[in-house]
Amino acid sequence: MLGYRRAGEMRPTGPTGGAGPTGGAGQNDPAVRFDHAAVQVAGRTIWSDVNLILEPGEFMAVLGPNGVGKSTLIKAVLGLVGLSAGSVTVLGRPAGQSGREIGYLPQRRSFDAGLRVRGIDIVSLGSDGERWGVPLPWGDRLFPARRAARDRVREVIELVGATAFASRPVGQVSGGEQQRLLIAQALVRRPRLLVLDEPLDSLDLPSQSSIAALISRICREHMVTVMLVAHDVNPILSYLDCVAYLARGGAVCGTPQEVITSETLTAMYRTPVEVLHASDGRLVVVGEPEPPARHADRHADTAVRP
Amino acid sequence: MTFSGLSWNVVADVRQLLMFPFMVNAFRAGTIVAITAGALGWFMVLRRQAFAGHTLAIVSFPGAAGAILVGISATIGYFTAAIAAALVIAAVPRSLGGRAGSSESAIIGTVQAFALACGALFVSLYGGFLNGLTGLLFGSFLGISASQVLVLLAVAAAAIGVLALIARPLFFATVDPDVAAARGVPVRLLSTVFLVLLGCAAAEVSQITGALLVFALLVMPAATAQQITARPMASFGLTILLGVVIVWLGLAVAYFSVYPVGFFITTFGFAGYVLAAAGRTAVSRSRRGQALAVPA
């Protein structure tokens, strides 16, 4: 079989001590646990037999070639995609039942340059955006809860280093600055798990490294478990506790040193894959199977598969 | 007191303005319409749905013409047509996650062209209707009855009430649809409800300004206010204020002149927008100049 569980055998005991996944309920539960999980979309299996465990407080990257279903994995964590087999447990409950405790950053390009809404308004939506009705214009002075919510918005904006540009229209700040505001939005409600879908995509290199450092700091200092989908592992490599490499038949997880090796990836994709180490510590993966054409043809091959 | 033209005595001018019931009704209707159009228009501009809004307004023309043709009230025709068109536009699948696609604007354009053609047919079938045609297209501010004002008020109250209920999630779904959907906001449903409300507003406004000048009240105040400030609450309030001021000024000036009301309302709206856009450009230029002059 292509996919098989490596987490148990390969991962050293995590920083949470020896309790492990069998240690009962409460804080020792894994933040995310996939158990022989599979997802089908329109009759086609995206991936199957995925087993992975993300311990609380850890920083995990989900890697893999295009079209392998990394975003689908995120949606399974959020409960937006149903499983066809197996189970997903998030923060001790079935996926989809921990809504308020998960901060989510979807994959995106950016805000429209002409959008005349301030960054601080975008962040505020993270605290009460789905509530019906309209906030009263001077409610901050009347209701302590509103004041607390406003202070919390200021606090997260400060935390992500966005104070200087939070009052400018969001369409006019840079991609990296928008990403900081969106991270603040996801953090407003003090989530225990932060799920980010390609947050470094389409950013310039300095922004990539500063956003990666920010996410790592949030993970360490505020004890937020982070699950991050990435196309390129290098900007985050030094911060990661573990990586999950996804293939159609399963996932391999472990520390980056264990998983991102020529042997592991070759066995996983059943095609020669080579991992090269550049002199500056970066990893280059060569020979990763890419689908022949992305997007439009991604679903076209279902017809010809036996 | 008789009509004596414009003087320098403002009190006398205002008294003269409000001397005739038709003018009082025009001010009442204009205020109601300005507030409704401002509120819905603010979201429409933010959602980049001006084309959909325009189509909803255009569709009210065949709606009204058809209603007159079959002998029912034009008001019913306006609202029926606009709400039906709103539901059609809402049924067009918006690719999730992406911006409003080109297929959407193509479908809206097709609906709009067909609606205009139907309007032309209804007018020609009715025959001898040319005075009314100008009214349908360019407005009939000065022929509004008290009962029409009541209908406008009822529709406006209902539309604004529903809008107030959905305002915050709608704002969320507008600026950040993916996150809103992940948070459980019914993005698609809100979009449909909003289009229906926009249809009601467009139908209301077109009874006053005519089907072609609806944008004067739906787009101009909102676009101007959003140029001036990026604070949602402030620009929303400013939109309503600008709309009301534009209508009042337009009505007042038109009363003392021989030219149509729609022209003046639109002109004041246009002037406001140009001023705001020019002001913003000047401010951002001077800021950039300062930033260059004082290196960090």
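**A walk from one loop to the chain contact**

Let's start at A:L203, which sits in the loop between β7 (193-197) and α7 (205-221) of chain A. Keep in mind that we're looking at a predicted model. Leaving aside residues up to four places away in sequence, A:L203 touches A:G175, A:G176, A:Q179, A:Q208 and A:I211. Take A:G176 from that list: it is 27 residues away along the chain, yet the two C-alpha atoms are separated by 6.2 Å.

Chain A has an open sheet of six strands, in the order β6-β7-β8-β3-β9-β10, with mixed pairing. Which strands stand at the edges? They are β6 (102-105) and β10 (250-254) of chain A; each has a single partner strand, so one side of each is left without a neighbour in the sheet. Going from one strand to the next, the twist averages 15°.

Over at β10(A), the pairing with β9 (residues 242-247) of chain A is antiparallel and runs over five bridges. One bridge to look up there joins A:A244 to A:C253. Another helix, α9 (residues 262-269) of chain A, lies across β9 and β10 of chain A, at about 30° to β9(A).

Now for the packing. The largest nonpolar core holds 179 residues, and those with the most contacts inside it are A:M60, A:V77, A:L228, A:V243 and B:A82. Which element gives the most to this core? That's helix α2 (residues 21-46) of chain B, with 14 residues. Back in chain A, A:L228 touches A:M60, A:A61, A:V62, A:L196, A:P199, A:I215 and A:I236, again not counting residues up to four places away in sequence.

Finally, have a look at chain B. Elsewhere in the list of helices, α11 (residues 220-228) of chain B is mostly covered, with eight of its nine residues buried; B:M220 and B:P221 are among them.

Key:
Residues numbered from 1 in each chain as written. Chains lettered and ligands numbered in written order. Predicted model: local features only at pLDDT ≥ 70, side-chain atom pairs only at ≥ 80, totals over all residues. Core = buried A, V, L, I, M, F, W, Y, C linked by C-beta atoms within 7 Å. Buried ≥ 20, exposed ≤ 12 C-beta atoms within 10 Å, placed from the backbone. Helix = DSSP H or I, 4+ residues; strand = E, 2+ residues; numbered from the N terminus. Contact = placed C-beta atoms within 7 Å. Pairing = 2+ DSSP bridges. Axes fitted to C-alpha atoms, helices over the stretch in contact; angles between N-to-C directions.
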